[in-house]
Amino acid sequence: MVSVSDNHIEDHSYTLNWAVHMCFNSKLYSDVTIHLGDIELPAHSIVLASQSEYFKKALESPMKESIERKFEFSEGSMHAHWRVFEYIYRGEYILDAAVPLGSIADDEDLLKDIRVYELADYFQIENLKNYAFLNFKARLKTLWVSEHLIDCIREVYKLPSNLSYGMRIEIAKLARKHLVDLWDKKTFRNLIREGGQFVIDIMKDIIAEK
């Protein structure tokens, strides 16, 4: 039996979560500014610190960013950064290009989750890492036919092995499953000729199957 107290707590949590959700990209009560290149994203220190160990430590330290309440990011994908902050506030991110980023080019679909995953590790947001990884697995199943698959493989294998281990396994399994179809692509054959850990991972999968 659900008590009155349980219902009250559930209603309170929903109201609070919705309030945080609505604060994304809002200047209302904002006390931090995030600079993504030339774009300003208003933010809230209590939200950032509650979701990210990186921001928690930064905001509690005597760092310049903490004093000025301003964080600047100019390297890497600005759309991936935007998705990180969207997740911090809303528990999810969308694949559509962020309108406020204007003419800044978005990442290819197969690269979006990889770049969010890498930033989630940097900002120390474990739940986001899991979310991005699951999105990556789901998208890989349908987008493996994309001409950007090779870019995706290269992107994953550029990351440290301890960070990209799960994604490497998924890519190796997929490549093994669709090896005949992929072999028809010159870009894939060129990638195989280069050797490296990707080829080793495919061989491991083939041997394990035997």
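A residue counts as buried when its relative accessible area is under 20%, as exposed when it is over 50%, and as partly exposed in between. The model described here is predicted. The protein chain holds 12 helices and 3 strands, and 41% of its 210 residues count as buried.

**Overall dimensions and surface**

- The C-alpha trace of the protein chain spans about 55 × 50 × 30 Å along its principal axes.
- Among contacts in the protein chain with a separation of 6 or more, 58% are between residues 24 or more positions apart.

**The sheet**

- The 3 strands form an open sheet in the order E2-E1-E3, and their pairing is mixed.
- Strand E2 (39–43) and strand E3 (70–73) are at the edges; each has a single partner strand, so one side of each has no neighbour in the sheet.
- On average, neighbouring strands of this sheet are turned by 20° against each other, direction ignored.
- Strand E1 (residues 32–36) and E2 run antiparallel and are joined by 5 bridges.
- In this pairing, Val32 is opposite Ala43 in E2.
- E1 pairs with E3 in the parallel sense, over 4 bridges.
- Here Ile34 is opposite Phe71 in E3.

**Side chains on the strands**

- In a regular strand, side chains alternate between the two faces of the sheet.
- His35 belongs to strand E1.
- The relative accessible area of His35 is 14%, which is under 20%, so His35 is buried.
- Beyond its neighbours within four places in sequence, His35 is in contact with Glu40, Lys70, Phe71, Glu72 and Phe73.

**Helices lying across the sheet**

- Helix H3 (residues 53–60) lies across E1 and E3, and runs at about 130° to E3.
- Helix H5 (residues 78–90) lies across E1, E2 and E3, and runs at about 150° to E1.

**Aromatic pairs**

- A pair of aromatic rings is described by how far apart the centres are and by the angle of the planes.
- The count of aromatic pairs comes to 16.
- Phe55 and Phe123 have ring centres 5.2 Å apart and planes at 15°; this angle is under 30 degrees, so the pair is stacked.
- Phe55 is in helix H3 and Phe123 is in the loop between H6 and helix H7 (126–143), so that the pair links distant parts of the chain, 68 residues apart.
- Phe55 and Phe123 are both buried.
- Tyr87 and Tyr131 have ring centres 5.3 Å apart and planes at 45°, so this pair is tilted.
- The pair ties together parts that are 44 residues apart in sequence, because Tyr87 lies in helix H5 and Tyr131 in helix H7.
- Tyr87 is buried, with a relative accessible area of 10%, while Tyr131 is partly exposed at 23%.
- Ring pairs also link Tyr54, Phe55, Phe71, Phe73, Phe85, Tyr122 and Phe123 into a cluster.

**Cysteines**

- How many disulfides does a search of the whole structure find? The search finds 0 disulfides.
- Cys23 has a relative accessibility of 17% and counts as buried.
- Cys152 is buried too, with a relative accessible area of 0%.

**A loop glycine**

- Gly102 is in the loop between H5 and helix H6 (109–122).
- Is Gly102 buried or exposed? Its relative accessibility is 54%, which is over 50%, so Gly102 counts as exposed.
- Gly102 and Ile39 are 63 residues apart along the chain, and their C-alpha atoms are separated by 9.0 Å.

Methods: Residues are numbered from 1 along each chain as its sequence is written. This is a predicted model: local features need pLDDT of at least 70, side-chain atom pairs count only at pLDDT 80 or more; totals for chains, interfaces and linings use all residues. Side-chain values use heavy atoms; hydrogens and water are left out. A disulfide is a pair of cysteine sulfur atoms within 2.5 Å. Buried means under 20% relative accessible area, exposed over 50%, partly exposed in between (1.4 Å probe, protein chains only). Two strands pair if DSSP finds at least two bridges between them. Helices (H or I, at least four residues) and strands (E, at least two) are DSSP runs, numbered from the N terminus. Axes are lines fitted to C-alpha atoms, for helices over the stretch in contact, and angles run from 0 to 180 degrees between N-to-C directions. Contact means heavy atoms within 4.5 Å. Rings of Phe, Tyr and Trp (its six-membered ring) pair if their centres lie within 6.5 Å; planes under 30 degrees apart count as stacked, over 60 as edge-to-face and the rest as tilted.
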